Amino acid sequence: MQASDRFNINSQLEHLQAKYVGTGHADLNRFEWAVNIQRDSYASYIGHYPLLAYFGIAENESIGRERYSFMQRRLVFYL
Amino acid sequence: MYLYSLTLQRPTGIICAINGNFSGGKSQEIVVARGKVLDLLRPDDNGRIQTILSVEIFGAIRSLAQFRLMGAQKDYIVVGSDSGRIVILEYNKEKNVFDKVHQETFGKSGCRRIVPGQYLAIDPKGRAVMIGACEKQKLVYVLNRDTAARLTISSPLEAHKSHTLVYSICGVDCGFENPIFAAIELDYSEADQDSTGQAASEAQKHLTFYELDLGLNHVSRKWSEQVDNGANLLVTVPGGGDGPSGVLVCAENFVIYKNQGHPDVRAVIPRRDDLPAERGVLIVSAAMHKLKSMFFFLLQTEYGDIFKVTLEHNNDRVSELKIKYFDTIPVTASMCVLKSGFLFAASEFGNHALYQFKSIGDEDDVEASSATLMETEEGFQPVFFQPRRLKNLVRIDQVESLMPIMDMKVSNLFEEETPQIFTLCGRGPRSSLRILRTGLAVSEMAVSKLPGIPSAVWTVKKNVIDEFDAYIVVSFTNATLVLSIGETVEEVSDSGFLDTTPSLAVSLIGDDSLMQVHPNGIRHIREDGRINEWRTPGKRTISKVGSNRLQVVIALSGGELIYFEVDVTGQLMEVEKHEMSGDVACLDIAPVPEGRQRSRFLAVGSYDKTIRILSLDPDDCMQALSVQSVSSAPESLLFLEVQASVGGEDGADHPASLFLNAGLQNGVLFRTVVDMVTGQLSDSRSRFLGLRAPKLFSIIVRGKRAMLCLSSRPWLGYIHQGHFLLTPLSYETLEYAASFSSDQCVEGVVAVAGEALRIFTIERLGETFNETVIPLRYTPRKFVLQPKRKLLVMIESDQGALTAEEREAARKECFEAAQAGENGTGSADQMENGGDDEDKDDPLSDEHYGYPKAESDKWVSCIRVLDPRTGNTTCLLELQENEAAFSICTVNFHDKEYGTLLAVGTAKGLQFLPKRTVTAGFIHIYRFVEEGRSLELLHKTQVEGVPLALCQFQGRLLAGIGPVLRLYDLGKRRLLRKCENKLFPNTIVSIQAYRDRIYVGDVQESFHYCKYRRDENQLYIFADDCVPRWLTASYHIDFDTMAGADKFGNIYFVRLPQDVSDEIEEDPTGGRIKWEQGKLNGAPNKVEEIVQFHVGDVVTCLQKASLIPGGGECIVFGTVMGSVGALHAFTSRDDVDFFSHLEMHMRQDHPPLCGRDHMAYRSAYFPVKDVIDGDLCEQFPTLPMDLQRKIADELDRTPGEILKKLEEVRNKII
């Protein structure tokens, strides 16, 4: 890579894309976008315990099970 | 509108718990995270859990870990939170605070995908800590100590792997070789590229070992191997000299032992007999217990069964893994095995418990082993077991938990002095109705009848050094009764007390003599039995007495004070006389300060509404030092020392200030600070306690002096974690009280009321509420109050459970099997009893074991009418055939044929996944019969969706069915549709009505304001919100204002602008609303957000209520984590200024403990607006004194004034 490339806006963007997982870009398709949203959401649900408990009550599952199924759903999607 | 937010009941649920020795020494302690609160708990000698410290951290705690440096005596706490920082805390025993040792920033704040904080793992030797996110990032910090033995932390070392989900991480015990961390990882990069889903279904989880090379200061992926695809949890296996090292991988249905270069050792987790085949068994919490010679693991499944896992090993080769059924307890979020032989179980919902180990499961039980694992064509052969009663554990204590609060209403149904809070708590078979009352719980030890109506009671010790009291002395109008305290309490006559006269005071004087003051004199009983009697001059009688251990002041009728002191020989000597201007209303002498001869202050209350402080020093004896005039004549006085700040576990770091408390005849408690040197009074506060003049008594609470105030109800003023709290006791009106200490009851109170002598103790200090629990059957959803009939009607429903009949059948079967196994002759009626009586302590109570799981499309539900006073259910209707109730309301239809009716919205066969489907929805209409105690179905109307919201509106019924708002009228056979509006975006979850306006809450799109035009019979939406809000609770505040709470933990108020509101109301034809179009399918007008606050917890219910008699109304809310809070509206601009400045200074000078920025936390989703965080302001007393002074200076006040302000605003709320 040449020195000038480092300041190229595209390469910088690419670097940022790789660093901050889930950031969108111009060529994002619908599926990728939805996947990102879903992964972000599930990560937030897993992080916020009261929310996890809230879902757990709705589905009548234990919180541990709920956390696990949210992790699993980050791989397989219900779109 | 400016609001002051205050948490009344801190969260009671637990997210995670760790155990260790955090204060050093031998005691076993538990640190629990309750969402935004970090607590330190300790089981005391009696096996009761005591809260030592509780800190609000203004952030979301996600994980906790403890570690100990080699050779150190105490454990540190590592906190993973949403702050984007790793924080290491140390418990400071002297000051009773958590000290922040280190705080290192590594990323953005918030619970994000790739910002670590979700997982924590510790090297078992305490050399490194790994903090991980649920995706990609993992950071390792090296822990060490410097030359001064202080803990140091390195800069972070990265162990990232992109496109990877992380399920669990843990440290691997490898002795003193380089630290290794294990992680369950799943690579999703291929699954993302493949849209067919083929790759996703083939994705494989891996167990990866990361090695931290301490020499190179570098982390590398050391080893990675495929692991069962159901893997979800890792548990460290002891290594070094203690065990084989490696990890236990808990997966769905299996536990697998794995280590580098070691073949897998797999065993199947036994299943409950009645579990549907489609369901797996997942381990949700784990604990390891290590003894000198052996170690074992306790793993708990999602159904609550605990298994003991042991490894057969020879050096580092594991030959067999055994999983043995241990016991069943409610499902936990975390389990802690304490070295002292206790198991602390932090339940995910409902009460937490402390168990004691009776044995460690060495007896025979159902066991699965890796050696007997059978693989067939359908997979591995399962092992079955049946849960049984507790065999290895005994429950010795419970910690109350309200989690989750499903619904709440504040009402004074019992017509007590303060309203009660009715909360629906818990889930499934552990759910309950809890009635919360402000005040401390009291447990009554004894009540005994006396031969007359007593007027006063005292307890005395025989000697200063005695631990327990010797006598209870009860005074009647014409006699004195002396009871001696021993094994039993009985009357004695050899005590030396004069029993033919009433007494005015009885106390211990000097080191070992007793004093009885009666109207005609003072009787001084020496230790050897000699009696000195001092008689009043002439015909005057003693009216009031004040005394401490060395000084006595009596007031004679007419207003003469005589002062006595105990001299060196133990004699009571008259020192001084003083004539007051009129009769004395009350007297008190401050207790003798440590190491002094006498106390300097005498307080005298007179009927001319003044309180005087007189000096008792020899050089200015009986000189008035200060005078305070009060609003009403004082009835009782008490000096009490208060340490206003935290310090040490008992709060003894700061110089105490001496408070003079006065109970006034108008029922007010008046408190003022007495200057320790000059005796000047300053900084007075008053609080209305009740309708009777408070009588003040000094008692002992947790080894310190506290104040008992007896007004129309008893109050306790005491110091808890540095705060002075004045809380009512939930007990009847008392006349007179004294502290009581005996062998059976170390810290009690003896009191008289009516003809009875009562002995009680005060429990669970520091709590705001005490609760009465009424168990329920299924997860309660909503309830309505019937204020006139004093009844509650509630709906309960559970998904995936068997119906009552099916459960009964299964239970019978199980009993038969068990009895046949045990003795072969089961008696039938015994079974019946076991099955019928739910409250009986039957061995397989659902409360303990949970309901057997059914397929997820099965529902059970019931409608219950309950009398909260007796706790009796007067009517219980079980819904049949997968029908579940979701909404309830009472409705008066305008034809008034039936009076008040009950409407219940139900759904049949509701399923959430993969897509929400429902067979049918219904609205049931019930009629109240037997004075509301029972229900009778009138008819049910089928609707097309789930009716999630019902509301009475102008003699009709409004129902929210999916996106449709519909108005129904009552017909003979069914409800009749009158009008509807289908324009709501998603699903209606709440409806409130006021005049002709209807406030509709959408599950995802906040509030919609509607109007009903009767003449046109149409419903219009005329305003909505511009912010998407996932509503969880809503409450109608006024004509233009609604309060709501969203799923992400925010509370907000929206208001329709005044001009828009006027315009709408003025529009006579309604034509404008009808034809006006909004933009982008929205309503033409928008409501404005006027208040916004992030609570940090899902708020499930909101209500406007006043919690104290005569107090202003505030918004009370309950949350999923079981906390209750209040929002109080400020009435003056000055207060707003003061508190916003205080909040600002607190933010600057006292940043939250776990590294989250306070402002950012309260603005987590939307910027905070016009709400002052009272919880932060109330941390002011915990600051060091110089910081308090600095902040106070900047506010142009003294620290005392700030404390007073804080107390004032709290007293307005509760």
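Author: In this predicted model, the area buried between chain A and chain B is about 4100 Å², and carbon and sulfur atoms give 60% of that area. The size of an interface is often expressed in this way, as the accessible area lost when the parts come together. Counted by residues, 40 residues of chain A are in contact with 59 residues of chain B.

Let us turn to the polar side of this interface. The rule finds six salt bridges across the interface of chain A and chain B. A:Arg74 forms a salt bridge with B:Glu135, and the closest N and O atoms of this pair are 2.5 Å apart. Across the interface of chain A and chain B there are also 19 residue pairs in polar contact, with both residues at pLDDT 80 or more.

Which elements of chain A give two or more residues to the side that touches chain B? They are helix H1 (9-19), helix H2 (30-47), helix H3 (49-59) and helix H4 (63-73) of chain A. The residues on the side of chain A that touches chain B divide into 21 nonpolar, 10 polar and nine charged.

Two packed helices are described by the angle between their axes and the distance between the axes. The axes of H2(A) and H3(A) come within 5 Å and cross at roughly 95°. H2(A) is therefore roughly perpendicular to H3(A), since angles of 65 to 115 degrees count as such. In the contact of these two helices, A:Tyr45, A:Ile46 and A:Gly47 in H2(A) meet A:Tyr49, A:Leu51, A:Leu52 and A:Phe55 in H3(A). The residues of this contact divide into six nonpolar, one polar and no charged.

How values were computed. Residues numbered from 1 in each chain as written. Chains lettered and ligands numbered in written order. Predicted model: local features only at pLDDT ≥ 70, side-chain atom pairs only at ≥ 80, totals over all residues. Heavy atoms only, no water. Contact = heavy atoms within 4.5 Å. Buried area = accessible area lost by both parts, 1.4 Å probe. Salt bridge = Lys/Arg side-chain N within 4 Å of Asp/Glu carboxyl O. Polar contact = N/O pair within 3.5 Å; in protein donor to acceptor, adjacent residues only side chain to side chain. Helix = DSSP H or I, 4+ residues; strand = E, 2+ residues; numbered from the N terminus. Nonpolar A, V, L, I, M, F, W, Y, C, P; charged D, E, K, R; others polar. Axes fitted to C-alpha atoms, helices over the stretch in contact; angles between N-to-C directions. Parallel < 35°, antiparallel > 145°, perpendicular 65-115°, else oblique.
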